[in-house]
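Here are my notebook entries from an afternoon of looking things up. Open the viewer and follow along with me.

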Amino acid sequence: MSEVGESMIRGAMQALAFAKGEADPKDYRVHLPDEINVKRIREKFGMSQKRFAETYGFNVRTLQDWEQGRSVPSGASKHFLVMLDKEPEAVKRVLSELAAE
């Protein structure tokens, strides 16, 4: 088998192990997009800047800076925004459960 074929099979097996919850977290890395369109994410929720910032724990000035391109989200903020964009119901569920505690 070719080196490319072996690499593809190895990748597929790793993906399957990850999907089954059998993968060791040390064996994979999370890849985030270089750019995040914060305004698009906020508008997807139909919220004003103030409401979005208050709801999800951002500083409204920081949110404005992200949307105007004066700065970019990084670290946990970037991860959280990606989760809001890709899995909004999961984020809402978790935040609701935390608020109920």
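**Entry 1: the core.** I started with a term: a nonpolar core is a set of buried Ala, Val, Leu, Ile, Met, Phe, Trp, Tyr and Cys residues joined through side-chain atoms within 4.5 Å. I also noted that this is a predicted model. Which members of the largest nonpolar core touch the most other members? I found Ile41, Phe45, Phe52, Tyr56, Phe58, Leu81 and Leu84, out of 16 residues in that core. Helices α2 (38–44), α3 (49–56), α4 (60–68) and α5 (75–86) each give at least two residues to this core. The largest share, four residues, is from α5.

**Entry 2: Phe52.** I looked up what Phe52 touches, leaving out residues up to four places away in sequence. My list reads Ile41, Arg42, Phe45, Met47, Phe58, Leu63, Leu81 and Leu84.

**Entry 3: aromatic rings.** I searched the whole structure and got seven aromatic pairs. One aromatic cluster is formed by Phe45, Phe52, Tyr56, Phe58, Trp66 and Phe80.

**Entry 4: Lys39.** I found Lys39 in helix α2.

**Entry 5: a surface patch.** My last stop was a nonpolar patch on the surface, formed by Val94, Leu95 and Leu98. Together they have about 240 Å² of accessible area. Leu98 sits in helix α6 (residues 88–100) and is partly exposed, at 49% relative accessible area.

Terms used. Residues numbered from 1 in each chain as written. Predicted model: local features only at pLDDT ≥ 70, side-chain atom pairs only at ≥ 80, totals over all residues. Heavy atoms only, no water. Patch = residues over 30% accessible without salt bridge, like charges linked within 9 Å, V, L, I, M, F, W, Y side chains within 5 Å. Areas by Shrake-Rupley, 256 points an atom, 1.4 Å probe, with all protein chains shown as cover. Salt bridge = Lys/Arg side-chain N within 4 Å of Asp/Glu carboxyl O. Buried < 20%, exposed > 50% of the residue type's maximum accessible area, 1.4 Å probe, protein only. Phe/Tyr/Trp six-rings, centres within 6.5 Å; stacked < 30°, edge-to-face > 60°. Contact = heavy atoms within 4.5 Å.
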